[in-house]
Structure formats: C-alpha cells, structure tokens
Amino acid sequence: MVQIVIRGSVDSNSPPEWLLVELQGEMVSRHNSGLAGNVMGDLLYTKEGVPVLIVGHHILYGKQVKLEKPFAVLTKHPGHSQDSLGGHDSDDVTQTPMETNQQGPTTTTYSVSALIKRKLIFKTRPKPIITNVPKKV
C-alpha cells in the first residue's frame, strides 16, 4: 500500500486558480513538435464576458462553466528524508512514509500547485477570420 502526503500552500495563501480549456477536435502544431511550451493562440473576453479564442486565422466563441468536482494540480517532491520534512508545521502536514523497496527513510510528498474550478468550453467549429477580400477587377 502506498501512502502519500498532500501539502496545501506553503506560505498559507490559497493556491492560484487555473482554467481548463476544452476544445472539440484536435490541435496539431505546424512542425509536429508538440504543443508543450508553445503559444497556442490568444484568449480574450468580450464586454459581456464571453471567452474568445483566436488560433491562427480562426476564431472560436465559447462559454465558461463551473466544474462539478474541482481538480487539484499536484507537484511531486520525491525522496525527502524525515529530517527535511521536520521543518514544516505538523498541524498543516500529515507526514506518512511511503512503502518502497529502498533502504533508508524516504518519503514522497505532493504539494498543491493550483486548483481548477472552472473550464472554458469551445463547442462550435472555428470560423475563419477574413480581413480583406479583394474585388475582381
């Protein structure tokens, strides 16, 4: 059985809130290099609060909804010894060793990096952005 430690924010402030973006379809980079670390597009809001996503020469209109069950984004901190965890307040953190086959006291902890309580849904097909349509001469 594996037991883990989940720690709230270290500085006793609430973690930042992130938004989940749900798209219908598939996002593919131009050079098939993956999307991690790349800018996907621009996310804007209208005066009425409607989210607008501009990706290349396409525009998508969406809506913001609250998730039924929020998500927590966790950061893993492997291999801490019991001495390094001793500096934390015992009221906020429950320290439980993780069962491993390694020798010596090691514990894996997780800290909450962010909370996801809302998501943006873009259901409609992207509409092309056309700025200048040349007239036939």
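In the predicted model, a salt bridge (a side-chain nitrogen of Lys or Arg within 4 Å of a carboxyl oxygen of Asp or Glu) joins Lys119 to Glu22, with the closest N and O atoms 2.8 Å apart. This pair links distant parts of the chain, since Lys119 belongs to strand E7 and Glu22 to strand E2, 97 residues apart. Strands (E, at least two residues) are DSSP runs numbered from the N terminus. Lys119 is buried, at a relative accessible area of 18%, whereas Glu22 is partly exposed at 28%. Here buried denotes under 20% relative accessible area, exposed over 50%, and partly exposed the range in between (1.4 Å probe, protein chains only).

The structure holds 2 salt bridges. Arg118 forms a salt bridge with Glu17, and the closest N and O atoms of this pair are 2.9 Å apart. Because Arg118 lies in strand E7 (residues 107-122) and Glu17 in strand E2, the pair ties together parts that are 101 residues apart in sequence. Arg118 is partly exposed, with a relative accessible area of 31%, and Glu17 is partly exposed, with a value of 38%.

A nonpolar surface patch of about 290 Å² is formed by Val21, Met27, Leu35 and Met40. Such a patch consists of residues with over 30% relative accessible area and no salt bridge, nonpolar side chains (Val, Leu, Ile, Met, Phe, Trp, Tyr) being joined within 5 Å. Areas were computed by the Shrake-Rupley method with a 1.4 Å probe, and for residues only the protein chains shown count as cover. Leu35 is located in the loop between strand E2 (17-23) and strand E3 (42-45) and is partly exposed, with a relative accessible area of 39%.

The largest pocket contains about 540 Å³ of space. Of its 22 lining residues, Glu26, Met27, Val28, Met40 and Val55 are the closest to the centre. Strand E4 (51-55) and strand E5 (58-61) are the elements that give two or more residues to this lining, which divides into 10 nonpolar, 8 polar and 4 charged residues. A pocket is an open set of points on a 1 Å grid, probed at 1.4 Å, with protein on both sides within 12 Å along at least five of seven lines; lining residues have an atom within 4 Å of a point.

Residues are numbered from 1 along each chain as its sequence is written, and side-chain values use heavy atoms, without hydrogens or water. As the model is predicted, local features need pLDDT of at least 70 and side-chain atom pairs count only at pLDDT 80 or more, while totals for chains, interfaces and linings use all residues.

Conventions. Patch = residues over 30% accessible without salt bridge, like charges linked within 9 Å, V, L, I, M, F, W, Y side chains within 5 Å. Helix = DSSP H or I, 4+ residues; strand = E, 2+ residues; numbered from the N terminus. Points joined across faces, edges and corners; volume = space filled by probe spheres on them. Nonpolar A, V, L, I, M, F, W, Y, C, P; charged D, E, K, R; others polar.
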